[in-house]
Amino acid sequence: MKQRIFIAIISICLAMSAMAQRVYLLNIDNEIDATAWRYTARAIKEVKQSPQKYELMLIRLNTYGGAVDMADSIRSALMQLQVPTAVYIDHNAASAGALIALACDSAFMSPVASMGAATVVGADGQPMPEKYQSYWSSVMRATAMSHGRYVPQGDSVARWRRDPEIAARMVSPDTAIAFTADEALRIGLIDGIAANTMQVLEQLNMPNAEITTFEANTSDDVLGFLAGAGVRAILIMLIIGGIYMEMHTPGLGFAGAVASVAAILYFMPMLITGTLAPWVIIAFIIGIVALALEIFVIPGFGIAGIAGIIALSASLIGAMVSPSSFDGDLGTSIVSASIIFLVGIVLAVGVVMFLTSKYGPKCFKSTSILTLQKSIDNEYIGVDTSLSQMVGRKAKAVTDLRPAGKIEINGERYDATSTGEFISAGTEVVVVKFEAASLYVKLA
């Protein structure tokens with residue numbers, strides 16, 4: 001009897017467990033950057049691959065914005081996820097955060113939260129040109145329109161669930177707007193106001209849901225750091241600068257090691273996440289080989305050098321193009337990657353010029369043999385060839401020439417060597433040749 005009761009209890013518990021709703025919670029509390037994208041990508045992967053079925057992916061959001069390309073990647077990934085998504089704006093969802101909030105199926109805000117002000121700004125904090133604002137405005141509008149229309153009760157006119165025009169108005173530098181929780185609820189940008197995530201789940205009729213919280217690890221932070229725009233520009237600087245310095249020094253040395261390590265760190269995030277296309281690595285190898293052939297094998301600068309530069313540039317830019325951009329705006333992703341690449345090139349040129357200048361460390365100047373000119377300023381001593389003008393002129397032997405001695409021309413004394421017999425002092429001679437930095441004379 002006891003065994004039957006025990007089996008019944010276990011069966012009931014298993015049945016209740018099977019019926020329990022499951023929610024995956026992702027917290028984003030910082031800038032929208034490569035790390036935030038890394039968190040989101042791994043969270044979505046866990047939701048898709050988990051043996052347990054999740055009924056909802058909930059994002060608790062608190063950010064002042066960040067990189068538009070990373071925000072667009074997060075937006076695309078959330079919109080393609082088959083599991084319903086919801087966002088809870090804890091305090092702020094500005095700029096890139098507003099786009100992420102718009103991408104979710106349901107949106108909620110804290111009573112003290114704000115949302116909006118999505119103007120695109122540059123590194124200096126100033127608004128970008130109109131074409132950037134126009135594009136980002138269209139992205140906001142399209143994201144809002146993706147939620148479709150609905151017909152309110154008692155009405156026959158369909159309305160946008162997320163008003164696309166209001167979403168677009170968040171972007172323009174002249175009319176950029178932000179909303180409080182009450183304002184956002186009144187115009188339909190959000191679905192409710194909640195004090196915490198538990199109240200969000202209550203409003204979604206999931207009060208007893210089992211919550212699994214995303215846990216970041218060290219690899220996420222490291223890979224996110226390496227995938228940041230600033231770090232990528234520095235790594236490109238080290239790769240290009242290291243290759244240039246290495247190809248101008250004999251043997252494999254420090255510059256080559258730096259370039260190799262920088263290349264590994266540069267491609268590592270894409271390799272680990274599986275987003276690196278095989279052609280990128282092939283193009284990188286082809287670029288290095290072509291440049292080496294151009295410098296060490298083929299005289300002059302021609303097709304191999306140009307092909308190497310193109311292949312290397314395409315590889316470094318292609319590695320930064322987000323896979324999600326192939327389903328969206330590929331051009332914007334390429335432009336963003338190209339800007340980072342150009343910044344890295346400028347930094348590389350500046351660093352190489354400094355290291356090989358008279359102000360740079362001597363260890364770099366001494367090893368960069370082919371980058372130096374043999375001038376007196378660099379402590380190189382050249383041979384004085386002005387004595388070649390003395391050939392054909394008559395002179396007087398000041399000392400005996402046996403065979404070397406001294407001669408005098410127009411009151412100036414010079415070292416000279418006899419081409420034949422010994423010549424006595426006071427004898428008239430003529431300069432017959434200048435060779436190996438010496439004058440050669442014979443009897444006049």
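A: Start with Arg 60. Its relative accessibility is 16%, so Arg 60 counts as buried, the cut-off being under 20%. The model is predicted, and side-chain atom pairs count only at pLDDT 80 or more.

Arg 60 has a salt bridge with Asp 90, at 2.7 Å from N to O. This pair links distant parts of the chain. Arg 60 sits in strand S2, and Asp 90 in strand S3 (residues 85-94). They are 30 residues apart. Asp 90 is buried, as Arg 60 is.

Asp 29 is another partner. Its salt bridge with Arg 60 has the closest N and O atoms 2.6 Å apart. Asp 29 lies in the loop between strand S1 (22-28) and helix H2 (34-49), while Arg 60 belongs to strand S2 (residues 56-63), so this pair ties together parts 31 residues apart in sequence.

Next, a salt bridge elsewhere. Arg 162 pairs with Asp 191, their closest N and O atoms being 2.7 Å apart. Arg 162 is in the loop between strand S7 (159-160) and helix H6 (164-169), and Asp 191 is in the loop between helix H7 (181-186) and strand S9 (192-193), so parts 29 residues apart in sequence are tied together. Arg 162 is buried, at 1% relative accessible area. Asp 191 is partly exposed, at 32%.

The largest nonpolar core has 53 residues. Ile 32, Met 115, Trp 136, Met 140 and Met 170 touch the most other members. Beyond its neighbours within four places in sequence, Trp 136 is in contact with Val 68, Ala 71, Asp 72, Leu 99, Ala 118, Val 120 and Val 171. Another core lies apart, with 30 residues, including Leu 235 and Met 320.

One of the Trp 136 contacts, Leu 99, is among the buried residues of helix H4. Helix H4 (residues 96-103) is mostly covered, with eight of its eight residues buried.

The surface has a nonpolar part too. Ile 285, Val 289, Leu 293, Ile 295, Phe 296, Val 297 and Ile 298 form a patch with about 630 Å² of accessible area together. Leu 293 belongs to helix H12 (residues 278-296). Its relative accessibility is 38%, so Leu 293 counts as partly exposed.

Key
Residues are numbered from 1 along each chain as its sequence is written. This is a predicted model: local features need pLDDT of at least 70, side-chain atom pairs count only at pLDDT 80 or more; totals for chains, interfaces and linings use all residues. Side-chain values use heavy atoms; hydrogens and water are left out. Patches are made of residues with over 30% relative accessible area and no salt bridge: like charges are joined within 9 Å, nonpolar side chains (Val, Leu, Ile, Met, Phe, Trp, Tyr) within 5 Å. Accessible areas come from the Shrake-Rupley method with a 1.4 Å probe; for residues, only the protein chains shown count as cover. A salt bridge is a side-chain nitrogen of Lys or Arg within 4 Å of a carboxyl oxygen of Asp or Glu. Helices (H or I, at least four residues) and strands (E, at least two) are DSSP runs, numbered from the N terminus. Buried means under 20% relative accessible area, exposed over 50%, partly exposed in between (1.4 Å probe, protein chains only). A nonpolar core is a set of buried Ala, Val, Leu, Ile, Met, Phe, Trp, Tyr and Cys residues joined through side-chain atoms within 4.5 Å. Contact means heavy atoms within 4.5 Å.
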